[in-house]
Amino acid sequence: MELIRATADLTAAVDERRSSGADIGLVPTMGALHDGHASLIRRARSERDVVVVSIFVNPKQFGPDEDLSRYPRDEQRDVDLAGSLGADIVWAPSVEAFYPPGVELVAPGPGPIGDVLEGAARPGHFAGVLTAVHRLFDVVGASAAYFGEKDAQQLFLVRRMVEQLDLPHTIMACPTVREPDGLALSSRNAYLSAEEREAALSLPRALEARDRALLDGLEVDYFEEADFEPRVLAAAVRVGDTRLIDNVVLEGELS
Ligand code: AMP
């Protein structure tokens, strides 16, 4: 397993493998890896010749009052874990390597779907996500990229970007991995106290029961149906200082 930081080194490493015929799979993450990320990496491992895991806490997708500075980071653990799951390359660029100063990057517009639900609660979030995903796709040049259904709106917008810009990447959707009690795994779960962790369980329960009333006592950003192909019931709540999102599919299969 190779840990790479410089963009030119990543491009060289991937180009070399691609030129010998290897099929590249990309798993974009913001680190603080958990079993949800692990499921994406394992799936990429089983389907591709070469697996690249990116670890980049993308500042462009955080609002000014959000948790960028306290977002959990444990790079050494992440690198070891990605390696043990079969990643060939971990790309962990600095912000300057990812967004070279003075270079104007493609900034795909998320359109109106970028302004509802997560986008309404987090203005500019999806523009930041798509800029980073486009940059990742551009640098890594993978044939397939793996995303989680937990971020259903993100998955929908990434798919739409690929379609509209005619990008040569296949988007693979992976089911949400949950704790045994139903809470969706998230790097942000690390912020929760034991009491908050208990309260957070209302989120999967309310979604499963399709019953907003089960969120009583929590601060609810939204609890709404949306057609992210397929239709989902999506919700975001704040538990203490922690914001959690989740969704359930109402029809069909995301993948
Ligand atoms: P993040 O590091 O939170 O940006 O997530 C990186 C990728 O992992 C995204 O495609 C997420 O949708 C996916 N992911 C996050 N949590 C889960 C989960 N519990 N199950 C499956 N995929 C997940």
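Mentor: Buried means under 20% relative accessible area, exposed over 50%, partly exposed in between (1.4 Å probe, protein chains only). The model is predicted: local features need pLDDT of at least 70, side-chain atom pairs count only at pLDDT 80 or more, and totals for chains, interfaces and linings use all residues. Residues are numbered from 1 along each chain as its sequence is written, and side-chain values use heavy atoms, without hydrogens and water.

Trainee: What is the phi of Leu117?

Mentor: Most residues other than glycine have a negative phi. Leu117 is not a glycine, yet its phi is positive, near 45°.

Trainee: Where does Ala32 lie?

Mentor: Ala32 also has a positive phi, about 50°, although it is not a glycine. At 15% relative accessibility, it counts as buried. Its place is the loop between β2 and α2.

Trainee: Which residue does a cis peptide bond join to Glu229?

Mentor: Most peptide bonds are trans. Here omega is about 10°. Look in the loop between β7 (219-227) and β8 (231-239). The partner of Glu229 is Pro230.

Trainee: Which strands stand at the edges of the sheet?

Mentor: The open sheet of 6 strands has the order β1-β4-β3-β2-β5-β6, with parallel pairing (two strands pair if DSSP finds at least two bridges). An edge strand has a single partner, so one side is left without a neighbour in the sheet. That describes β1 (2-4) and β6 (170-174).

Trainee: In β4, what is the bridge partner of Val53?

Mentor: Start with the strands. β3 (residues 50-55) and β4 (residues 89-91) run parallel, joined by 3 bridges. In β4, Val53 has the partner Val90.

Trainee: What angle does the direction of α2 make with that of β5?

Mentor: Helix α2 (residues 35-47) packs on the sheet, touching β2 (24-29), β3, β5 (144-148) and β6 (contact: heavy atoms within 4.5 Å). Axes are lines fitted to C-alpha atoms, for helices over the stretch in contact, and angles run from 0 to 180 degrees between N-to-C directions. With β5, the angle is about 155°.

Trainee: Which backbone oxygen does the side chain of His125 reach?

Mentor: His125 is found in helix α6 (residues 125-140). It is buried, with a relative accessible area of 7%. At 2.8 Å, its side chain reaches the backbone oxygen of Gln61.

Trainee: How many residues surround the ligand?

Mentor: A residue counts if one of its heavy atoms lies within 4 Å. The closest are His37, Gly148, Asp151, Val177 and Leu185.

Note on methods
Helices (H or I, at least four residues) and strands (E, at least two) are DSSP runs, numbered from the N terminus. A polar contact is a pair of N or O atoms within 3.5 Å; within protein, one must be able to donate a hydrogen and the other to accept it, and residues adjacent in sequence count only if both atoms are side-chain atoms.
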